[in-house]
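Please examine the sequence and the model below.

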Amino acid sequence: MSTEDTKDKIQIQIPGNHRFEYDPEADVTFVFLTNNGALILAKKSKLASKSEVFQSQFISDKENDVKSITDISFLTFNCMIRHIYGKEITVDKDNFLEILYASRKYAVNDLTYEAIKCALKIINACNLFEYFSEIEKYEIGALNDRIRELCVQYPLIIVSTLQLTSEVHMRVLKIILDSWKLDCTEVLLYKEIAQMIENTKGDLSWEEAKKMFGKLIYLIRFPTMTTSEIISCGKTPSLLTPSQVFGFLLWKHESTLTTWPEILLFSTQPRIFTRNALKPLNASFNCSQNSFSFFISISTK
């Protein structure tokens, strides 16, 4: 939904509604019909000076325009206007996604930066999947880098929070499996994935669960495991078929791709194990209590 002129709808407001007037010479009124007709009055030139979107909207507008906002809450829009007028605002875990949406829509870039800084502090390995679907649609480099960083540093913790039946969760898992470096061994990664499937498959049989897991199986680098690790991964219940286990063992014995063509579907290149290189200065996890703490640095360039 979009911002539209609603001069005839302004009459539905009732006494006592929120009314914020930011300029004595205000020439645009924003009305929030979903918030009992709450009003925000501001000066077009001030908004246009901070937003190219507002600037383009006001080019052909007449004085004293009334616009209805239907896709952003009153509190979030008011927060954005306060920011434009240089007033203090709070961006926190309760509003940073809405502020990110509003500031991106109206191209209030410095407010977008504040929302990104907040997101970088809040998103962690325990709550990544809660924000992932919202974050990925914005295609913001800093946030995408943060997600990949968490996937590399804490793959086992993240996998333990995922659910097989969630498409969003499986997209997070693919980021982990696509990584060429991880802070865990390949066999531990597989075992955590297998445990996650066992815990979240519900009424699905293992064969049905394997079918749902699909081609993600080919991103697990079984050929890089030791012989004993491969054998342990093949124990029932397993994501592997007996022929796959045999193929991996044959690969370990003869080290030739042509001997067992099914090996061609799996990477034989070991990942880089990064436990020492990427461990944060200070980190502690307790996903069961939804707590996570760590130190990060945010560039202010």
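In which loop does A107 lie? In this predicted model, A107 is found in the loop that links α4 (96–105) with α5 (109–122). Its phi is near 55°, a positive value in a residue that is not glycine. With a relative accessible area of 22%, A107 is partly exposed. E139 likewise is not a glycine and has a positive phi, of about 50°. This residue belongs to the loop between α6 (128–136) and α7 (141–153), and E139 counts as exposed because its relative accessibility is 66%, where the cut-off is over 50%. As background, most residues other than glycine have a negative phi, and most peptide bonds are trans. The peptide bond from T236 to P237 is cis, with omega near -5°; P237 is located in the loop between α12 (227–233) and α13 (242–254).

The largest nonpolar core comprises 81 residues, and F77 and I193 have the most contacts inside it. Beyond its neighbours within four places in sequence, I193 contacts V159, L173, L177, F213, I220 and L239. In soluble globular proteins, nonpolar side chains tend to be buried together.

C79 counts as buried because its relative accessibility is 10%, under the 20% limit. C118, at 9%, is also buried. The count of disulfides is zero.

Finally, the second largest pocket has a volume of about 160 Å³. Its lining consists of C184, T185, E186, V187, T224, M225, E229, P270, R271 and F273. By class, five of these lining residues are nonpolar, two are polar and three are charged.

Definitions and conventions. Residues numbered from 1 in each chain as written. Predicted model: local features only at pLDDT ≥ 70, side-chain atom pairs only at ≥ 80, totals over all residues. Heavy atoms only, no water. Core = buried A, V, L, I, M, F, W, Y, C linked by side-chain atoms within 4.5 Å. Buried < 20%, exposed > 50% of the residue type's maximum accessible area, 1.4 Å probe, protein only. Contact = heavy atoms within 4.5 Å. Disulfide = S-S within 2.5 Å. 1 Å grid on protein atoms, 1.4 Å probe; cavity = no way out; pocket = protein on both sides within 12 Å on 5 of 7 lines; lining within 4 Å. Points joined across faces, edges and corners; volume = space filled by probe spheres on them. Nonpolar A, V, L, I, M, F, W, Y, C, P; charged D, E, K, R; others polar. Helix = DSSP H or I, 4+ residues; strand = E, 2+ residues; numbered from the N terminus.
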